[in-house]
Amino acid sequence: MQRCRDGGGRVLLAVVAPSQQWLHALAASVLVTLMALATQASAQDRSIIRPGSAAVSAFSGTAKGAAAEPGETIDLDGASLRIFDLSSLDGPAAGKPVEARQPFEVLAAQIGQVFGLAYDDGLRDDAPSGTPNLYAGATSLHGIRVVVPGADGVAQALQRGAPGAAFMPGQFGEEAGGGPGAIWRIDGISGAVSKFAEIPNSGPGVADIAFDKAHRQFFASDLDSGLIHRVDASGRLVDSFDHGVAARPKAGLAEVKDDGKTMDISAAGFDSDNPNSWGYTQDARRVWALAVHGERLYYAVGDKADIWSVGIEAPGALGGAARRELEIGAESPVTDMVFDTSGGMYLSSMARSGAAAGRAEVLHFGRDTATRGWKRLPAVVAEGRSGGGIDLHYGYDGSGRIDPEACTATLIATGDAADAGALLLLMPAKPGQASTPARIAIGKGTAGMGATGTAADAAPLADVELWRPCGRQAVAAASAVRAKVEAAAPGISGAPAGGTVVSAGSAAGSATPALLNIRQTGDATCRAGQPCTFEITIENPSAMPFDGPVRLADAIGVDGLGRLAGVEVTGIDPPLACPPGALPLSCVAGVSLAGGASQSHKMKVVIPTGGGLAGVTAPVMAQNCFAAVPPDHQVSGLNGGGGPGGSSGGGPFACHRFTISFPQGGGCTLLPGQVKTKDGRCVCRKGSSLANGKCVAARQPACKVSGQVRGKNGVCACPRGTQSVNGVCRKPPRGCPAGTTAVRGRCVPNTGNGGCIAGELFVNGQCMIVEGCPSGTVGKFPNCRPARRTFHQPSNGSDRPDSPGRQGGGRDPTGGGGSTPGGPNGP
């Protein structure tokens, strides 16, 4: 499977079918298409994890791209973790480009950098929910970045340790309460992120996580001490297993205790470019990948990748019959492992840079029935540097849908082709049948999850974890339970009668055209009773202009409490074409954007201390979600997850997660000019707004028409008795005096030239400059003057031929006053 992006920023994968024809298709570089990104889901089907979901971790990237250099900062809005839906393909898997739908992502600002991933069994309050939760461990495998406060107060990135140094924001999620030993929990239904557990760790981080379903517990490998920690389902650290002391002697090897070294970023010996200075425990006791199989925990040790196992005894402690399973002698540590239904073992190693550089491989081992040991089987070798993640996936039927009965028919591994960016490999892995070495080559320019889109910005993928309940009955049972749980889960709003419901947990399908894209950022922490700001960007992804009605909706949901009502909106700059008031809001408004253009709006709100938050004093996680959909659509479930919009955009809605904190003792703190409402909110009086920590008279923007004034209703209008004329308020003419005419709001003399000055011509009600004197004038432009005219004087009859004293007849040669031949005076 290959991962890349097309010109529209969509994530593309390449997939191959488990058949002999696949090899020929690979040689011919024939690729096939995965399911469409915009698959519509029902309003109640909001879970972010379902059968076929693939969770993928990766470096979030930096402000300048994915590969950090001195002076760069970690991109807090970059994704450290994303979930892709691989449950269906667009047709049979035969070797064509595949497009993966990405319904959810977690940002570096929320969890920092992570590597190891694991799902639980989905039990909630000891009852099945049909949807597991996802767990992610903090890591140093994407590098360690530190900063020190500068003289100007701005943090400066460091390569070497120094007094006062701290981990760079986005390294370990410390802003959200995390650290180097943090294990994060992502709710499989709502997408809510919280810290699940934290093991003692100075900086090397957590190598891997494994879930023990039989005892409902987790194991986590610690790169700092080499211990394997046991964590119960509530996140409590129970005990630990020391491989160097408890397991090595069982194989006749010398005991190796931890040397006690730690990562000290304040010491001059620390070098962010040298992993040997990061405080990793000794190689002989350094535990990497973990996997539970049968009643044993399998784990990889050291850069040479020895595979060990230890029995899981009742009630779940490690210590039974530790043994050395394999001596691989690899060039890189094994960072992930997985077992198929026949007991075959797949291993993935990751090539690290610097002192630990080496070759990365994907290895396959099966049981040797004769020796009861392990034998190596043909597998895929990832040339170059592998991302280090691996898992087994369902097979696919002829129509490209997952086959729940083929539980481990496909092998998926992450990788990093160093010159081409991140990719996913998908290869045949039928139980009992050796897989043929194969690798899908990709071209330049594949961007990683946190990358900006160029080949230089490519970021490697890390771990991958698939949710695959085995068998159709298991999948159907999980779906039925999930539907019941989701139906009872609180949403932002119910589905109103009529119209099409757009759920924030899914991308809009063909019935829900994504006319506009939404991106959103905002304050990381909002204090109840005080102003909080969200920045919402509406962008037109098309090259064609957009001008028409759109339904705009916004709401705030709190983890575990649901929608917040009565959230006061104190200002939107520039204003949206929706009446101000409170969240949640939904209105139809006109939006006009040129092709490729965008417009950002800063929304300020005040979260109440009462209402749905009454009695809450500890900080809680929440998210503000904004949507822009066609006017005949309704919006539901906006607190169901980050969605494809997230902070980086890409869909008709986006959610920004933040923390709501509360002042000590409850309530809010009054600022100068504020008053406290009955529900405990601190607000400015009517006609004033909060600025620089105090209430000031509200300032309205100036009216666009000169002379207009703003009324109490906030509408600009010309004073009574005047009207807007050419951008200026003027009194309309009531009738011009005799000899004048109204021209453009003023009375001008009737000169025949509309009151124009010399050199101008009055045409179609306006004066126009001419380059020569117009007809009827003489002189040299611009000094034109009216030409003198010779007027004809009427005849008095004395010049008639028949008049007395004149001889001859005929007409007057001048034609003036003469009679017509045959007239009454004719002969």
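Guide: In this predicted model, a search of the whole structure finds 11 aromatic pairs. W278 and Y280 are both buried.

Another tilted pair is made by F534 and F658, with 5.2 Å from centre to centre and 55° between the planes. This pair links distant parts of the chain, 124 residues apart: F534 belongs to strand β37 (residues 531–539), while F658 belongs to strand β46 (residues 653–661). Both F534 and F658 are buried. Elsewhere, ring pairs connect Y135, F196, F211 and F218 into a cluster.

Now the backbone. R216 sits in the loop between β16 (206–212) and β17 (217–222). R216 is not a glycine, yet its phi is positive, about 50°. With 26% relative accessibility, R216 counts as partly exposed. R372, in the loop between β26 (362–368) and β27 (373–377), also is a residue other than glycine with a positive phi, here near 60°. The relative accessible area of R372 is 71%, so R372 is exposed.

The bond from A314 to P315 is cis, with omega near 0°, and P315 is placed in the loop between β22 (306–313) and β23 (317–327). L583 and P584 are likewise joined by a cis peptide bond, with omega about 5°; P584 is in the loop between β41 (582–583) and β42 (585–593).

Notes: Residues numbered from 1 in each chain as written. Predicted model: local features only at pLDDT ≥ 70, side-chain atom pairs only at ≥ 80, totals over all residues. Heavy atoms only, no water. Phe/Tyr/Trp six-rings, centres within 6.5 Å; stacked < 30°, edge-to-face > 60°. Buried < 20%, exposed > 50% of the residue type's maximum accessible area, 1.4 Å probe, protein only. Helix = DSSP H or I, 4+ residues; strand = E, 2+ residues; numbered from the N terminus.
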